[in-house]
Structure formats: structure tokens, C-alpha cells
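Reader: I'd like to learn how to read surface patches and charge pairs in a model like this. Can you walk me through it?

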Amino acid sequence: LADVIITIGGDGTIIRYAKRAAVDNKPILGINAGRVGYLADIEQNELHLISKLIKGDYRVENRMMLDVEFLENGKTIGRYSALNDAVITSGFISRIVDISVAVGKDAISYRADGLIVSTPTGSTAYSMSAGGPIIDPATENICITPICSHSLSAKPILMSADTTLTLKSYSKKRTEIYLTVDGRKVANVKPFSEIKIT
């Protein structure tokens, strides 16, 4: 059995294998060979630093992940792990969708092109592009960031990591609505769909 998982690529490669690393409870070391290297620890010209890994001269930085459960009519259809984010969006055509986010008995409603629910690691990805805050990855928070909201008062919201969010979405114009997890489309969202995020 391996002691560590080493990835060579960009952030997408690290995100893909981080899910496996989490399941196996193994640390992951990223060597940047892609265009974006926010998550990588070593650049291609720093390969000599791998000797520190062999000597045990390193520290492990834990990162929070999201559990995303997709339900239809109360039945679980899929369960996904997210290192960066879960996103509800109207897809390729920018159309406003209605999204509700329930936190316990309270609910927040958005009319927007979509909604991003991100981890601190994901705060420097799509959430940041949509106007969300950059969050220290050592902290544990869930960030809700609306995408092009049709409201002056809709701002990003930080929630504690122990919060459970229940999302629902629909479109009055019958626009296709998608759920993506770490950039990968995983489901079509219907009026009877529910997305639970912890």
C-alpha cells in the first residue's frame, strides 16, 4: 500500500485524486504540470524537494470537503464529494432560475443564473470569479455565492462547517438546470429534486 498519492498535472488532477486520497485517508502531493497550480506544492523546477518527502520533512495540511447528496422525490439518486464546490446553474444559456437554500427552518431565496456552494479551498475558484470572498483554507466554512443575482441585496454568505444546506431549484421558463460537483455535471435538477450539502 502507498503512503502518499503523488499527482502530476494541474489543479483538476489534484481535485480528481483528492477524493480517492480522502477515501483511503492518504496525503496527496501535487506536482504542477498544468496551467493553474493553486493546489500544487511543487513546481516542475522543484523536483529535488521530493527528497524531503522521503525523509519525512513535511507537514500535512487538512482541507475540508463537502458531502453532496442528490435526491428525487425523497430518494437518494447520487452522493458526491467536493473539494472545491457544488454548483446549480442554468447551463450554457444564461437564464434566471429560482433557487431556495434551507438552513434548518430558515430559507434564503435567490433569483440568479445559479448558485455556488464552496469550501475554503474552492473559494479561490468559481466562487471568487462570481464575487465571493477568498477564505483561508485552514478554516472550515461553507460559502454560498450567487451567480449574477437579480437582486441588489444578494451577497455571498459564510456558514459554519456544521451547517446542513437543502437546495431546491426551478425555472419558470423550463430552462434546463444542472448540478455540477467540482466542475463535473452530475445531475439534471427538476422541481422535485433536492440537494443536501454538509
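Reader: Which residues make the nonpolar surface patch?

Author: Keep in mind that this is a predicted model. The patch is made by Val36, Tyr38, Met128 and Ile134, and covers about 420 Å². Isoleucine 134 sits in the loop between α3 (126-129) and β10 (141-147).

Reader: Is isoleucine 134 buried or exposed, and why?

Author: Exposed means over 50% relative accessible area. Isoleucine 134 has 59% relative accessibility, so it counts as exposed.

Reader: What about charges? How do I read a salt bridge?

Author: Look for a side-chain nitrogen of Lys or Arg within 4 Å of a carboxyl oxygen of Asp or Glu. By this rule there are 9 salt bridges here. One of them joins aspartate 182 to lysine 19, with the closest N and O atoms 2.3 Å apart. Aspartate 182 is in the loop between β13 (178-181) and β14 (184-188) and lysine 19 is in helix α1, so the pair ties together parts 163 residues apart in sequence. Aspartate 182 counts as buried because its relative accessibility is 17%, while lysine 19, at 24%, counts as partly exposed.

Reader: Which residues are linked in a network of salt bridges?

Author: Arg59, Glu61 and Arg63. Within it, arginine 63 and glutamate 61 have their closest N and O atoms 2.6 Å apart.

Conventions:
Residues numbered from 1 in each chain as written. Predicted model: local features only at pLDDT ≥ 70, side-chain atom pairs only at ≥ 80, totals over all residues. Heavy atoms only, no water. Patch = residues over 30% accessible without salt bridge, like charges linked within 9 Å, V, L, I, M, F, W, Y side chains within 5 Å. Areas by Shrake-Rupley, 256 points an atom, 1.4 Å probe, with all protein chains shown as cover. Helix = DSSP H or I, 4+ residues; strand = E, 2+ residues; numbered from the N terminus. Buried < 20%, exposed > 50% of the residue type's maximum accessible area, 1.4 Å probe, protein only.
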